[in-house]
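Welcome, and please open your viewer. We will go from one selection to the next, with a short note on what each one shows.

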Amino acid sequence: MISFSHVTKIYGKRKKQRVAVEDFSLDVAAPICGFLGQNGAGKTTVVKMVTGLLEPTSGTITIDGMPSSSAESKQKMGFMPETPYFYESMTGIEFLRFCAELFSAGDRDDAFLEGLLKKAGIAEARDYEIHTYSKGMRQRLGFAQSLVNDPEYLFLDEPLDGLDPIGRHDLKESMLALKQEGRKIFLNTHILYDVEEICDEVGIIHEGKLLYAGSVKNFCAGRPLEERFVEIVKEHEKKYEERRTKKEA
């Protein structure tokens, strides 16, 4: 289980401080959890904190009871950032070998790594240098590298961004196949249709605060996810404005 307990992240110091995530608590046990929010809501900050790229200002984050920053937890994680970084002169297979060595998984043979490229739908680009890859191919390679250490938990930050319809379909099918293998996926996205289609649970963050966490089906209650998402965000903004007006009065 992934557990966030009263997590806050503040950027800057003193008068220039900005609260990016505030008193965020969430337990994630579902096979695929979609994490929704507008641009700037705090989604990427949350993902960076759980994967150890950022340190919370306060609060705790654990994976199966262990701090997410621990070596034990990191061995269980696979991470695809919103904008994957690559060494452009490497080929696809060379890049995966490099990533495997970083995880002390250098014993992964090429057959295993080629299997990851196949899962991502770019097996034919195995020996192409990455600078020749299109945007969609880069996204697929980023997805493949998140699997090199055979992780139990996958943290995917906008993995379907920039993919054509076939690419989106293929990666969603790959995620569902990983779910069947018993892996847990934390899917950070602003594309509501994808969450409605493949996620078991959803968390909604707005201005750094968690507005909802639970079953997608229960949240939608027969209505489109987009409609419910807009509704809950507007409700939050209305209540905030009412409190602000009352305080000023």
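**Stop one: a pair of strands**

Select strand E3 (residues 32-36) together with E9: the two pair in the parallel sense over four bridges. Two strands count as paired if DSSP finds at least two bridges between them. The labels follow DSSP runs numbered from the N terminus, with helices (H or I) of at least four residues and strands (E) of at least two. Within this pairing, pick Leu36, whose bridge partner in E9 is Ile204.

Before you go on, a word on the model: it is predicted, so local features need pLDDT of at least 70 and side-chain atom pairs count only at pLDDT 80 or more, while totals for chains, interfaces and linings use all residues. Residues are numbered from 1 along each chain as its sequence is written, and side-chain values use heavy atoms, leaving out hydrogens and water.

**Stop two: the rest of E9**

Buried here means under 20% relative accessible area, exposed means over 50%, and partly exposed lies in between (1.4 Å probe, protein chains only).

E9 and E10 form a hairpin with two residues between them, and in the turn Glu207 has a positive phi of about 55°.

**Stop three: Tyr87**

Move to the loop between strand E6 (77-80) and helix H3 (92-102), where you will find Tyr87. With a relative accessibility of 40%, Tyr87 counts as partly exposed. Show Phe98 and Ile130 as well: Tyr87 touches both, leaving aside residues up to four places away in sequence. Contact means heavy atoms within 4.5 Å. Then draw a C-alpha to C-alpha distance from Tyr87 to Ala111: they are 22 Å apart in space and 24 residues apart in sequence.

**Last stop: the whole chain**

Zoom out and select everything. The chain has nine helices and 10 strands, and its C-alpha trace spans about 65 × 40 × 35 Å along the principal axes. Of the 249 residues, 45% are buried. Among contacts with a separation of 6 or more, 66% come from residues 24 or more positions apart.
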